[in-house]
Amino acid sequence: MKDKNFAKKRLMFIQKEDYNYLCYNLILLLDNLGCNSEDQKFKDFRKAAYLIDFISSTKNLEDYGKDELINIYSKAQLKKKLLSHLLIVLKNRDYLGISINNAHKSFDIWLKKENLPPDFFNRDYFITEINNLNKIKGSIRSLKSTTIKTMVDSFFTSKNILTWEI
């Protein structure tokens with residue numbers, strides 16, 4: 001019976017919808033972009049929903065096919081809700097700072113790195129994600145402050161992916 005329950009849990013687990021997966025990718029994103037204070041915040045947390053699949057992939061940005069980009073874009077719409085829940089948890093644990101962004105009707109976020117375990121940022125564990133983040137930073141100027149529309153246009157609309165209102 002124990003093996004059956006374990007197998008069932010494994011079947012129900014979807015990595016890219018897991019809070020732990022989203023959490024460490026969000027923290028790595030904020031750290032890598034230097035979003036460590038309200039003055040250096042990541043504007044409009046919803047951008048992270050699009051970036052997470054690119055961060056954790058083994059592919060280069062230019063190697064994504066149209067179907068893969070459509071899939072990433074569609075799933076990002078669902079991830080926004082998961083991320084909004086995650087923001088509450090991380091703020092309550094004092095790992096994140098959050099401010100309201102009235103212009104974009106969203107939240108701006110920054111990492112409170114001093115409250116995280118020091119060994120979390122062991123670069124050996126997250127080498128793929130860090131390398132991908134560095135490539136993404138090279139493709140979009142001012143990633144932490146760019147608008148979500150500009151970022152979506154760069155990753156999706158410019159590659160003939162139909163997008164809808166953000």
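View 1. The class follows from the cut-offs, because buried means under 20% relative accessible area, exposed means over 50%, and partly exposed lies in between, computed with a 1.4 Å probe and with protein chains only. Ser84 belongs to helix 4, which covers residues 66-92; helices here are DSSP runs of H or I with at least four residues, strands are DSSP runs of E with at least two, and both are numbered from the N terminus. Although Ser84 and Phe45 are 39 residues apart along the chain, their C-alpha atoms are separated by 8.3 Å. The model shown in these views is predicted, so local features need a pLDDT of at least 70 and side-chain atom pairs count only at pLDDT 80 or more, whereas totals for chains, interfaces and linings use all residues. Residues are numbered from 1 along each chain as its sequence is written, and side-chain values use heavy atoms, with hydrogens and water left out.

**View 2. The protein chain as a whole has 6 helices and 2 strands.** Read from the N terminus on, the elements run α-α-α-α-β-β-α-α. Of the 166 residues of the protein chain, 41% count as buried, and the chain exposes about 9900 Å², of which carbon and sulfur atoms supply 53%; these areas come from the Shrake-Rupley method with a 1.4 Å probe, and for residues only the protein chains shown count as cover. Among contacts with a separation of 6 or more, 69% join residues 24 or more positions apart, where contact means heavy atoms within 4.5 Å.

**View 3. Strand 1 and strand 2 form a hairpin with 4 residues between them.** Strand 1 (residues 96-101) and strand 2 pair in the antiparallel sense over 6 bridges, and two strands are said to pair if DSSP finds at least two bridges between them. Asn101 stands opposite Ser106 in strand 2, while Lys105, in the turn, has a positive phi of about 50°. Strand 2, which spans residues 106-111, is mostly covered, as 5 of its 6 residues are buried.

**View 4. Thr58 is found in the loop between helix 3 and helix 4.** At 77% relative accessibility, Thr58 counts as exposed. Thr58 and Thr128 are 70 residues apart in sequence, yet 7.1 Å apart in space from C-alpha to C-alpha.

**View 5. The second largest cavity holds about 40 Å³ of space.** The structure holds 2 cavities of 30 Å³ or more; a cavity is a set of points, on a 1 Å grid over the protein atoms alone, where a 1.4 Å probe fits but cannot get out, and lining residues have an atom within 4 Å of a point. Grid points are joined across faces, edges and corners, and a volume is the space filled by probe spheres set on the points. The second largest cavity is lined by Phe54, Lys59, Asn60, Leu61, Asn132, Lys135 and Ile136, and helix 5 (residues 127-139) gives the largest share of this lining, 3 residues.

Note on methods:
On a 1 Å grid over the protein atoms alone, a cavity is a set of points where a 1.4 Å probe fits but cannot get out, and a pocket is an open set with protein on both sides within 12 Å along at least five of seven lines; lining residues have an atom within 4 Å of a point.
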